[in-house]
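Subject: Structure handover

Hello,

Here is the structure I promised to pass on. My notes on it follow below.

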Amino acid sequence: MPYPDALNGKPKIIFFTDFDGTITLKDSNDWLTDNLGYGERRRKQGNLDTLNGKITFRDSFWEMMETVKTPFPECIKALCDNIKLDPYFKDFYQWSRNNNVPVIVLSSGMTPIIRSLLVHLVGPEANEIEIISNEVADKPGKSKEQEDGWELKFHDDSGFGHDKSLSIRPYAKHFAERPDEPRPTMLYAGDGVSDLSAARETDLLFAKKGHGKLGIHHNADQALDADYRKIL
């Protein structure tokens, strides 16, 4: 449920989460690039250039996806065959449904891929999860079903392509303007560079185990090293 609908049930907790490498064990965009695009070596160099400020995340991600020429439905099928879920996310999601905890995916990936993977890996109940992410568009004169027929459609004009903090701020503003209304605790789980802006907007950060980028760059004393077993 988008803001403000997510507040209708007066939740005590709102759980924002990254998708790739957080809900999943591997990054779906990395998998596409490594296997159907320009390969792992160039991707990792682009990641380093992003971390070192030589290129924006937005430009690096655009470059990665432009090298993937496979028709989009075939990309989704390949990802469903190869991407695995954090083994404890299904339990976490069931707990969240039972305890009135909205789960909101904030991703720098692509909504159609995320939705397809969630439904494939979690089940039809995952259609209830709100996803705020980039979209996919047909290239001019082509369609997504064709070779080299699709492209990214970024969520906003930021250097991230999707500045996740902008999706969290309406919640903080809502309660700042209503000081007598009980404010839910806002949590965030993430693993990478595109999560930095969102992590600063929440009360507690869970950094996915084995991914040190958030702790290094966010300098968050409250960051907890956790997978969904520990989060639950």
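The average pLDDT of the protein is 89, and 90% of the residues score at least 70. (pLDDT is the predictor's confidence in each residue, from 0 to 100.) Residues 211-221 fall below 50. Beyond near neighbours in sequence, that stretch has 23 contacts in the model, a contact being heavy atoms within 4.5 Å.

This is a predicted model, so to speak of local features we need pLDDT of at least 70, and side-chain atom pairs count only at pLDDT 80 or more, while totals for chains, interfaces and linings use all residues. Residues are numbered from 1 along each chain as its sequence is written, and side-chain values use heavy atoms, with hydrogens and water left out.

Helix H4 (residues 72-82)
Phe72, Cys75, Ile76, Ala78, Leu79 and Cys80 are buried here. (Buried means under 20% relative accessible area, exposed over 50%, partly exposed in between, with a 1.4 Å probe and protein chains only. Helices are DSSP runs of H or I, at least four residues; strands are runs of E, at least two; both are numbered from the N terminus.) Their cover includes helices H1 (28-36) and H6 (111-121), and strands S2 (103-110), S3 (130-138) and S4 (150-153).

Helix packing
The axes of H1 and H4 come within 11 Å and cross at roughly 110°. (Axes are lines fitted to C-alpha atoms, for helices over the stretch in contact; angles run from 0 to 180 degrees between N-to-C directions.) The two helices are therefore roughly perpendicular, a label for 65 to 115 degrees; under 35 is roughly parallel, over 145 roughly antiparallel, the rest oblique. Ser28, Trp31, Leu32 and Leu36 in H1 meet Cys75, Ala78, Leu79 and Asn82 in H4.

Helices H2 (residues 40-51) and H3 (residues 57-66) pack at about 170°, axes 9 Å apart. They are therefore roughly antiparallel. Arg42, Arg43, Gly46 and Thr50 in H2 meet Phe57, Ser60, Glu63 and Met64 in H3.

Aromatic rings
The whole structure holds twelve aromatic pairs. (Rings of Phe, Tyr and Trp, its six-membered ring, pair if their centres lie within 6.5 Å; planes under 30 degrees apart are stacked, over 60 edge-to-face, the rest tilted.) Phe16 and Tyr171 have ring centres 5.4 Å apart and planes at 75°, so this pair is edge-to-face. Phe16 lies in strand S1 (residues 13-17) and Tyr171 in helix H7 (residues 165-176), 155 residues apart. Both Phe16 and Tyr171 are buried. Ring pairs also link Phe15, Phe89, Phe92, Tyr93, Trp95, Phe206 and Tyr228 into a cluster.

Best wishes
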